[in-house]
Amino acid sequence: MGSGSSKPIRVTNRNSHRSLPTAYLRSATATKRQSVVPPRLKNEEREAFTAAIDQGTTSSRFLIFDGSGTPQASHQVEFGQLYPHSGWIEHDPYEILNSVNECIEKATRKFLDKGYEVGDIKALGITNQRETTVVWDTETGKPLYNAIVWPDTRTAKLVHELRKKTGSEKLRRLCGLPLSTYPSSVKLMWMLRHVPAVQSALRNDRLSFGTVDTWLLYNLTGGVKNGLHVTDPTNASRTMFCNIDTLEYDDFLIDWFGVRGVKLPKIVPSSDPDAYGNISDGVLAGTKITGCLGDQSAALVGQCAFTPGMAKNTYGTGCFLLYNTGYEPVISENGLLTTVAYAFKGFKPVYALEGSIAVAGSAIKFLRDNLGLIKESSEVGELAAKVPDTGGVVFVTAFSGLFAPYWIDDAQGTIFGITQYTTKEHIARATIEATCYQAKAILAAMEKDSGTALHALAVDGGMSNSDVCMQLQADIMGIDVDRPQMRETTALGAAIAAGFAVNLWKEFDELKGINRDNRKTFSPMTDEGTREKWFSLWSKAVERSRGWVDSDATEEGLE
C-alpha cells in the first residue's frame with residue numbers, strides 16, 4: 001500500500017504514461033477582495049484566478065476562484081432528469097452542454113462586472129459526474145442516444161450474464177472495479193445491443209464514446225470542427241476499459257466487453273498545460289483548459305487530502321468516500337473500488353480506495369418531490385431534529401440497488417418498522433441515517449483493506465450543510481467529522497488541477513492553507529454499544545431488501 005511521505009514524486013520521463021502534474025496556485029494568504037471595483041493594473045501586477053466547470057448529476061455550475069480558494073463569481077443551472085422506465089435514468093447530452101455554456105456565460109459576466117478581465121483567468125478545469133455514458137457520430141458530432149446516467153439499472157440482466165462469462169474473475173484485478181450496473185462498460189454494451197443508430201455507427205467506423213468530461217471537452221474545443229477527444233485517468237478508470245496499473249486501455253478488457261472498433265478518448269494527465277486545448281468560442285474563447293478530474297477525485301484534491309491515509313466523503317446525489325492509498329493501487333477484498341485519485345503531469349499518479357453509495361441527496365429529493373414531506377431539501381435536517389430517534393423505522397434507500405460494500409443489484413428501496421406511531425419526522429431521520437449507515441459500512445471495509453483505522457473524516461457536498469446530518473454521521477461512525485466553511489470542494493479540486501498545470505502552484509505543500517478557515521468539527525456523542533446496536537438493525541434491513549428486482553423487467557419496453 002502506498003505509504004510514506006506526502007511529497008509528490010516527480011517523473012523524469014515526461015512522455016511516460018506514468019507522468020502527471022507540474023504546478024499551480026497563488027499563496028493562501030491572498031487578501032479578500034473588496035466590493036469596490038479594483039483599479040486597472042499592469043499585467044504583471046494583476047491577481048491570477050482559476051475557474052472550474054462542475055458538471056453534476058442534477059445541475060451544472062461554473063465558479064471562478066481567487067488564490068485563496070474563495071469563489072469570486074459563480075452560476076448554477078439545474079437540468080432535466082429523464083426516467084423512460086423504472087430504473088432507467090437518462091440525460092439529454094445537449095442539455096448538459098447548454099447548461100454548462102449558460103453557467104460559463106453568466107458567471108463570467110458577474111466576474112467582469114467586478115472589474116476583472118477575462119485574461120485574469122489563467123486556467124480552467126473540468127470536473128464531472130462519472131460513469132455516465134455518451135455516444136455520438138464521429139462525422140456529425142451529434143449524440144446517437146441519450147446519456148445513460150451512472151445509477152441507471154437497466155443493465156442488471158446483462159451484468160448477471162457477464163458474471164458467468166469466462167474471464168470475469170480477472171476484471172477486478174485488471175481495472176479495479178467489480179462487475180455491476182455502475183461502470184460505463186455495461187452501459188455502452190447495452191447501447192450496442194439495443195440502439196440501432198449505435199450499431200450502425202459502429203459498423204461504419206463512426207461511433208465515438210465518452211464520459212461527460214469527454215463530451216464537454218469535445219464540444220468546448222470545437223466539436224465536429226477539430227474538437228479534442230480526450231479524457232483523464234480518474235474518469236478512464238471508471239469505464240472498466242482502462243488498466244489500473246498502466247493507466248492505458250487494456251486489450252483484454254476491450255475485447256472482453258466487445259467494444260473493439262469504438263472510438264475511445266485518448267487518456268491524458270489530469271493536469272496538463274497542453275492536452276485539453278482552449279475554449280473555442282463564447283465569452284471565454286481562447287481560455288486554456290488545463291485540468292480534468294472526475295467529481296469524487298476532484299473533491300479529494302479540493303480537500304487537500306494529498307497524504308496516504310487521508311479520506312473525504314462527499315454527500316451529493318450519491319455519497320462517495322475516498323481514501324488516499326498512495327502510489328500503488330490497492331485491490332479491495334471487502335467490496336470497495338480501486339480508482340485513480342489524481343494523476344498530474346510530472347508526478348506519479350496517486351490511487352484511492354472508494355466506497356460508492358448510489359442514493360444520498362437524491363433520497364432527500366424523493367421526500368420533497370415524490371412524497372411531498374418537505375418543500376425544500378434544506379428542511380430535512382430540521383424535520384429530523386424534531387424526534388430523538390427514528391422510532392424503529394429503517395429506510396434502505398436502494399433506489400438503484402446497493403453499491404459498495406454490498407453490491408446488491410436486486411435490492412429496491414424498502415422501509416421497515418412502520419407503525420401507527422410513525423410520523424414524517426421519523427421517516428426524514430431514517431432517510432438521513434440510511435446514508436450515514438452506508439458510509440459506516442464503507443469505513444469498516446476501508447479499515448479492513450488498509451489495516452488502519454480512520455480517526456477523522458473530511459466532508460463536503462449538499463447534505464453536509466446540515467448540522468443535524470453531520471452530527472448523526474459522527475454519532476453513527478464514532479469518529480470526528482470535519483467540515484470546511486467553503487464546501488465547493490469538487491470545483492476547487494478541478495481549479496487546483498488546472499492551476500498546477502500553469503505553475504500557479506508548484507508543490508502540494510503550497511496548498512496547505514487553502515480553504516482551512518472556519519472549519520467545524522462534529523464529535524460523536526454515542527457509545528460503541530449503542531452504535532453497534534443501531535448498525536445491527538440496519539444490516540438486518542439490508543438483508544431483507546434483497547430480491548425485489550426481476551432482472552427481466554429491466555428489458556421491459558424494448559421488444
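Is Gln471 buried or exposed, and what is its relative accessible area? Gln471 is buried, with a relative accessible area of 18%; buried means under 20% relative accessible area, exposed over 50%, and partly exposed in between, with a 1.4 Å probe and protein chains only. The residue lies in helix α13 (residues 467-477). Leaving aside residues up to four places away in sequence, Gln471 touches Phe522, Ser523, Pro524 and Met525, where contact means heavy atoms within 4.5 Å.

The model is predicted: local features need pLDDT of at least 70, and side-chain atom pairs count only at pLDDT 80 or more, whereas totals for chains, interfaces and linings use all residues. Residues are numbered from 1 along each chain as its sequence is written, and side-chain values use heavy atoms, with hydrogens and water left out.

**Overall organisation**

The protein has 15 helices and 20 strands; helices (H or I, at least four residues) and strands (E, at least two) are DSSP runs, numbered from the N terminus. Of its 559 residues, 60% are buried. Among contacts with a separation of 6 or more, 74% are between residues 24 or more positions apart. The accessible surface comes to about 21300 Å², and carbon and sulfur atoms account for 48% of this surface; the areas come from the Shrake-Rupley method with a 1.4 Å probe, and for residues only the protein chains shown count as cover.

**Nonpolar cores**

A nonpolar core is a set of buried Ala, Val, Leu, Ile, Met, Phe, Trp, Tyr and Cys residues joined through side-chain atoms within 4.5 Å. The largest has 124 residues, and those with the most contacts inside it are Phe257, Tyr342, Ile432, Leu457 and Leu511. Helix α12 (residues 424-450) gives the most to this core, namely twelve residues. Another core, of 37 residues, lies apart from it and includes Ile121, Trp215, Tyr276 and Val283.

Helix α2 (residues 156-163) has the buried residues Ala156, Leu158, Val159 and Leu162. They lie on the same side of α2, because they cover an arc of only 155 degrees around the axis; the arc is that of the directions from the helix axis to the C-beta atoms. Their cover includes α4 (184-194) and α8 (251-256).

**Aromatic rings**

Rings of Phe, Tyr and Trp (its six-membered ring) pair if their centres lie within 6.5 Å; planes under 30 degrees apart count as stacked, over 60 as edge-to-face and the rest as tilted. The count by this rule is 29 aromatic pairs. Two of the pairs are listed below.

| Pair | Arrangement | Centre to centre | Angle between planes |
|---|---|---|---|
| Phe49 and Phe111 | edge-to-face | 5.1 Å | 75 degrees |
| Phe500 and Phe508 | tilted | 4.8 Å | 50 degrees |

Phe49 lies in strand β1 (residues 49-55) and Phe111 in helix α1 (residues 93-113), so this pair ties together parts that are 62 residues apart in sequence. Both Phe49 and Phe111 are buried. Phe500 is buried with a relative accessible area of 0%, and Phe508 is buried with 5%. Phe306, Tyr342, Phe344, Phe347, Phe500 and Phe508 form one aromatic cluster.

Charged side chains also sit over rings, a term that requires NZ of Lys or CZ of Arg within 6 Å of the ring centre and within 35 degrees of the ring normal. Arg154 lies over the face of Trp190, 4.6 Å from the ring centre. The charged end of Lys440 sits over the ring of Phe535, at 5.5 Å from its centre.
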